Amino acid sequence: MTTELCAYSVEACETARRAGVTRVELCASPYEGGTTPSAAAIRMARRIGGLQLSVMVRPRGGDFLYSDTEFRQMLEEVRFARECGADGVVFGVLTPPPHGRVDVQRTAALVAEAGPMQTTFHRAFDMACDLEEALEAAVAAGCRRILTSGGRNTAVEGIDTLRALVAQAAGRIELMAGSGVNPSNVRQLAATGVDA
């Protein structure tokens, strides 16, 4: 099974490599839930051998509804991560309330900009009004994987939903359990059939 660590520094990426972690999601601003890391951090993390690098693409904390300018910035950030040799990018874009659905058009544009990089729809997925519909939207937009806690605060709390989403995905998109994953519950979460 693939293991991924959410890393907020180059040092954390180095620690992940030493610990045998498969992939890191490099972010900045942990107290905002993760935003796009600096150019220097991306370049330095990319120099660490033996570690897949996914870069968070999120211009600010808060909700996942972005202005046109913010969305153009996200496209630029994806392009920069690709030019730096990142293996993947991580993002999430929703439509405005009252529905709060995956924004398929903008997500597909980010996927297209990513080119050969892997694309992960992050836990904005858990804010969608209908997770089954959100999964189909992420598939339609071309995402490679979804990071989810099953719509709950932690993955263990959402374990039944995770199991159902794995069945629905049927191998069309990878599912990665995230939030509150630790040595005491990782086997239980792996038993749901998630990919990472």
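Two exercises on a predicted model follow, each with a worked solution.

Local features need pLDDT of at least 70 and side-chain atom pairs count only at pLDDT 80 or more, while totals for chains, interfaces and linings use all residues. Residues are numbered from 1 along each chain as its sequence is written, and side-chain values use heavy atoms, leaving out hydrogens and water.

**Exercise 1.** Find which residues of helix α6 (residues 159-169) are buried, and what covers them.

Solution. 
- Helices are DSSP runs of H or I with at least four residues, strands are runs of E with at least two, and both are numbered from the N terminus.
- Buried means under 20% relative accessible area and exposed over 50% (1.4 Å probe, protein chains only).
- In α6, Ile-159, Leu-162, Leu-165, Val-166 and Ala-169 are buried.
- Seen down the axis of α6, these residues fall within an arc of 115°, so they line one face of the helix; the arc is taken over directions from the helix axis to the C-beta atoms.
- The face turned away from the buried side carries the exposed Asp-160 and Ala-167.
- The cover of the buried residues includes α5 (131-141), β6 (145-148), β7 (174-177) and α7 (186-190).

Key: Contact means heavy atoms within 4.5 Å.
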